[in-house]
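Good morning, and thank you for the time.

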Amino acid sequence: MSVRLFPLLLCVGCADRVERVLAKDGDPSAGAAVWDEHCVECHASDGTGTDDGPDLTDEPESSAKLADKILYGWGEMEGFSEALSNQEVADLIAYLEDTVVPPASSTQDR
Ligand code: HEC
């Protein structure tokens with residue numbers, strides 16, 4: 001449990017960047033390219049996961065949570081705050097919400 005909470009606890013100032021990502025319009029087709037380049041090796045192209053990363057298709061996530069986990073990491077997954085721009089993260093989230101991750105209707109924040 002503490003392993004999962006660790007990145008969030010480290011990251012009090014990080015909400016700012018999540019806000020900036022969420023303020024952008026994501027382009028799902030650009031996001032597909034980011035997904036192919038950075039994510040499929042562990043999560044598989046359809047998002048159902050591999051030995052190196054979990055299935056992302058079975059659990060709803062809000063856009064804000066996706067942005068936070070992608071930027072700053074989650075448990076064993078390292079964050080992509082250095083590797084990806086805010087626009088790339090926004091594009092990626094648009095792609096994930098179109099195709100991979102079920103929408104979190106009650107907590108959806110955009
Ligand atoms: C090196 C392998 C690896 C890569 C590359 C990777 N992930 Fe992950 N990802 C993981 C692992 C492992 C976890 C589970 C971490 C945990 O729960 O401890 C995870 C968790 C996640 C979660 C949270 C799932 C949950 O249960 O809350 C999301 C969302 C996610 N990854 C998205 C992405 C996206 C988007 C990319 C590309 C930018 C990416 N991942 C790249 C290995 C990877």
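Which residues are closest to the ligand? They are Cys39, Cys42, Gly53, Gly75 and Met77, and 19 residues surround the ligand in total. A residue is taken as near a molecule if its C-beta atom, placed from the backbone, lies within 6 Å of it.

Two remarks on the source are needed at this point. This is a predicted model, in which local features need pLDDT of at least 70, side-chain atom pairs count only at pLDDT 80 or more, and totals for chains, interfaces and linings use all residues. Residues are numbered from 1 along each chain as its sequence is written.

By class, the ligand shell holds ten nonpolar, four polar and five charged residues. Here Ala, Val, Leu, Ile, Met, Phe, Trp, Tyr, Cys and Pro count as nonpolar, Asp, Glu, Lys and Arg as charged, and the others, Gly among them, as polar. Helix 4 (40-43) and helix 5 (63-72) each contribute at least two residues to this shell. Helices (H or I, at least four residues) and strands (E, at least two) are DSSP runs, numbered from the N terminus.

I turn to the chain as a whole. Its secondary structure comes to six helices and zero strands, and the pattern along the sequence reads α-α-α-α-α-α. Of the 110 residues, 26% count as buried. Buried means that 20 or more other C-beta atoms lie within 10 Å of the residue's own, exposed means 12 or fewer, and partly exposed is in between, with C-beta atoms placed from the backbone. Among contacts in the chain with a separation of 6 or more, 75% are accounted for by residues 24 or more positions apart. A contact requires C-beta atoms, placed from the backbone, within 7 Å.

How confident is the predictor, and what is the mean pLDDT of the chain? The mean is 87, and 83% of the residues reach 70 or more, where pLDDT is the predictor's confidence in each residue, from 0 to 100. Over residues 106-110, however, pLDDT stays under 50, and the model has ten contacts beyond four places in sequence for this segment.

In soluble globular proteins, nonpolar side chains tend to be buried together.

Why is helix 6 described as largely enclosed by the rest of the structure? The reason is that ten of its 14 residues are buried. Those residues are Glu88, Val89, Ala90, Asp91, Leu92, Ile93, Ala94, Tyr95, Leu96 and Glu97, and they pack against helix 2, helix 3 and helix 5. From first to last C-alpha, helix 6 reaches 20 Å, close to the 20 Å expected at 1.5 Å a residue; the expected span is 1.5 Å times one less than the number of residues.

Alanine 67, in helix 5, is buried because 25 other C-beta atoms lie within 10 Å. Leaving aside neighbours within four places in sequence, alanine 67 is in contact with Val18, Val21, Leu22, Val89 and Ile93. Just after helix 5, glycine 73 takes a positive phi of about 85 degrees.

Finally, the loop between helix 4 and helix 5, where alanine 44 is found. Phi of alanine 44 is near 70 degrees, a positive value in a residue other than glycine. Is alanine 44 buried or partly exposed? Alanine 44 is partly exposed, with 17 other C-beta atoms within 10 Å. Aspartate 55 lies in this loop as well and counts as partly exposed, with 14 C-beta neighbours inside 10 Å. Not counting residues up to four places away in sequence, aspartate 55 touches Thr48 and Gly49.

How values were computed: Two residues are in contact if their C-beta atoms, placed from the backbone, lie within 7 Å.
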